[in-house]
Each structure stands twice: as structure tokens, then as C-alpha cells.
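Dear colleague,

Please find the structure below for your reference. My findings follow it.

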Amino acid sequence: MAFDLSMPILVVDDYNTMIRIIRNLLKQLGFENVDDASDGSACACQNAGQEIRLVISDWNMEPMTGYDLLREVRASPELSKTPFIMITAESKTENVIAAKKAGVSNYIVKPFNAATLKTKMETVFGPAE
């Protein structure tokens, strides 16, 4: 399944500067339909009834971590198949393994650039249409 530049993407991060950075990277790649949430619990409320084709989430957030959000998304019948890319400054092997076991689609370690994001997205979706 190739990705569509008009697909709705949700960026979840408790750091506004990081949300702006990810939005700008997505814009550089041609994506315009980007929404955001400040943490996992805000995302759960905001996402109700809205079709999201990709979640890009930070791991370290309060009060709900990206890992907890991933587990909640995978447990939801409506969202369980939604691609989920985890972003973190932590490259610990146990974190990567935990995220994989919880069903993460891909994993990005900060810092990263548009090319890295595009590569990770293409791994999940295939090349852009």
C-alpha cells in the first residue's frame, strides 16, 4: 500500500517545537493534512470519529506515553491496523523490542531529517503515489 500525500496524519508530542519540526518535515515531503495532539490522552479524545491513516508519536510524554498510546491504538478495533511510527531519543534495545512487541510499524531515533522520515514511511506504506 503506497502512501497518499493527502492522507490524514496525526503527530503526537508534548513538546510544541518537536510538533512544528515534524510538521515542517512532513510539509517538505508534500503532506498537508497533518493534525497534532500534545500527549497520548489528548490524542485519544481528539481522534474519536476521525480517520487517521498514520500516527507519528513521541515515546516520552506525560501523562500518557507514546508506548501506552501505541498499546491503546492496537487494542482498538477501529484503529488497530493504523500505521504507527514511534519517535524517541532513546535507542535502547529493550525499548525497540517493547515497541515491536506492542505492534509499532516503525521506529525513528532523534535527531532525524525529512529523508529519514520518508524512508521510514516508505517502509510502512511503500513509495509515494
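The notes below concern the aromatic pairs and the nonpolar cores.

This is a predicted model, in which local features need pLDDT of at least 70, side-chain atom pairs count only at pLDDT 80 or more, and totals for chains, interfaces and linings use all residues. Residues are numbered from 1 along each chain as its sequence is written, and side-chain values use heavy atoms, with hydrogens and water left out.

Rings of Phe, Tyr and Trp (its six-membered ring) pair if their centres lie within 6.5 Å; planes under 30 degrees apart are stacked, over 60 edge-to-face, and the rest tilted. The count is two aromatic pairs. W59 and Y67 are stacked, because their ring centres are 5.3 Å apart and their planes lie at 20 degrees. W59 and Y107, with centres 6.4 Å apart and planes at 75 degrees, are therefore edge-to-face.

Y67, at 22% relative accessibility, counts as partly exposed.

A nonpolar core is a set of buried Ala, Val, Leu, Ile, Met, Phe, Trp, Tyr and Cys residues joined through side-chain atoms within 4.5 Å. The largest has 21 residues, and I9, L26, I56 and M121 have the most contacts inside it. Apart from that core lies another, of 17 residues, among them I52, M64, L69 and Y107.

Yours sincerely

Conventions
Buried < 20%, exposed > 50% of the residue type's maximum accessible area, 1.4 Å probe, protein only.
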